[in-house]
Amino acid sequence: MGVTRHGRTHRLDLADPTLREWTCTVLHADPEQGIVLDRSAFYPGGGGQPPDHGVLLWQGVQTRIVGTRKGDDPYLIPAEGDPLPPVGTEVVGALEDERRTRLMRTHSGLHVLCGVVFRDFGALVTGGNMEPGEARMDFNLPEVPPDFKSRIEELVNAEVAADRSVATRVLPRSEALALPDIIRTQSNLIPPDEQEVRIVDIVGLDVQADGGTHVASTAQIGKVQVVKVESKGRANRRVRVRIVD
């Protein structure tokens with residue numbers, strides 16, 4: 001979580017989540033396996049955040065990228081029927097900006113939600129998922145007050161309006177795990193062989209291990225609407241949210 005390389009691919013998405021276009025070289029191209037680049041800003045998916053979409057442009061040709069398959073390398077999945085750039089070809093990669101930006105806003109919004117629920121209710125995360133602009137997060141929360149839905153929305157949007165900085169850094173595993181409350185999920189999801197851990201810090205609110213892409217400050221998230229709070233078992237509560245402009 002947080003290393004700058006994934007197999008043969010240098011991860012540009014983690015170094016600069018605002019990057020939308022770059023040049024790179026094709027290392028592998030197969031219609032079944034996918035395409036491997038030496039440098040890529042495509043987020044490959046993980047931690048509930050879906051993979052990016054976009055295009056590769058080469059020699060007057062366009063290859064649409066509709067997903068990523070994880071393996072020793074991140075394999076970009078081309079749209080069915082699109083041509084594959086040959087190995088060794090220099091290409092321009094370009095992300096679908098609206099999708100990535102909404103996913104960044106959504107992911108950061110979930111971290112604000114997580115920070116508020118942990119701070120004010122002491123609850124850990126038991127699951128979550130997101131799409132551009134919509135998400136859910138499950139909490140181990142046996143008891144909730146009657147006004148929980150409206151109260152959470154108010155508290156979360158107060159933190160968004162506070163314009164808190166969202167900072168990332170990579171720490172050695174032992175140093176990261178020594179941070180208090182760094183694991184906000186009920187089970188530790190950091191792979192046991194991961195020696196570097198990427199930390200996302202919403203300054204003054206939430207610090208946790210995370211491998212996704214985020215906005216630079218909470219004000220960039222937009223308004224967070226708590227759409228629904230559901231009971232998913234005796235001690236599990238699901239909070240559904242929507243990010244609006």
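Here are some friendly notes on this predicted model, point by point.

1. A word on conventions. Residues are numbered from 1 along each chain as its sequence is written, and side-chain values use heavy atoms, with hydrogens and water left out. Because the model is predicted, local features need pLDDT of at least 70 and side-chain atom pairs count only at pLDDT 80 or more, while totals for chains, interfaces and linings use all residues.

2. Domains. The domain assignment, which comes from an automatic or database source, gives domain 1 (5-95) and domain 2 (100-244). Taken over C-alpha atoms, their centres are 28 Å apart. Domain 1 brings 13 residues to the contact and domain 2 brings 14 residues; contact here means heavy atoms within 4.5 Å.

3. The helix pair. Helix α2 (residues 97-121) and helix α3 (residues 148-161) have axes that come within 9 Å and cross at roughly 115 degrees. Those axes are lines fitted to C-alpha atoms over the stretch in contact, with angles from 0 to 180 degrees between N-to-C directions. Helices are DSSP runs (H or I, at least four residues), as are strands (E, at least two), numbered from the N terminus. Among the residues that meet are V112, L113 and V116 in α2 and I152, L155 and V156 in α3. By class, this contact has nine nonpolar, no polar and four charged residues; nonpolar covers Ala, Val, Leu, Ile, Met, Phe, Trp, Tyr, Cys and Pro, charged covers Asp, Glu, Lys and Arg, and the others, Gly among them, are polar.

4. The cores. A nonpolar core is a set of buried Ala, Val, Leu, Ile, Met, Phe, Trp, Tyr and Cys residues joined through side-chain atoms within 4.5 Å. The largest has 30 residues, and L113, F139, I152, V156 and V241 have the most contacts inside it. Helix α2 gives the most to this core, with eight residues. Another core, of 14 residues, lies apart from it and includes I35, A41, I65 and V91.

5. Is S217 buried or exposed? S217 is buried, because its relative accessible area is 12% (buried is under 20%, exposed over 50%, partly exposed in between, with a 1.4 Å probe and protein chains only). S217 is found in the loop between β14 (206-209) and β15, and, leaving aside neighbours within four places in sequence, is in contact with D163, R164, S165 and V166. L27, in strand β3 (residues 21-30), is partly exposed at 29%. Its contacts, with neighbours within four places in sequence left aside, are R8, V36, L37, D38 and V87.
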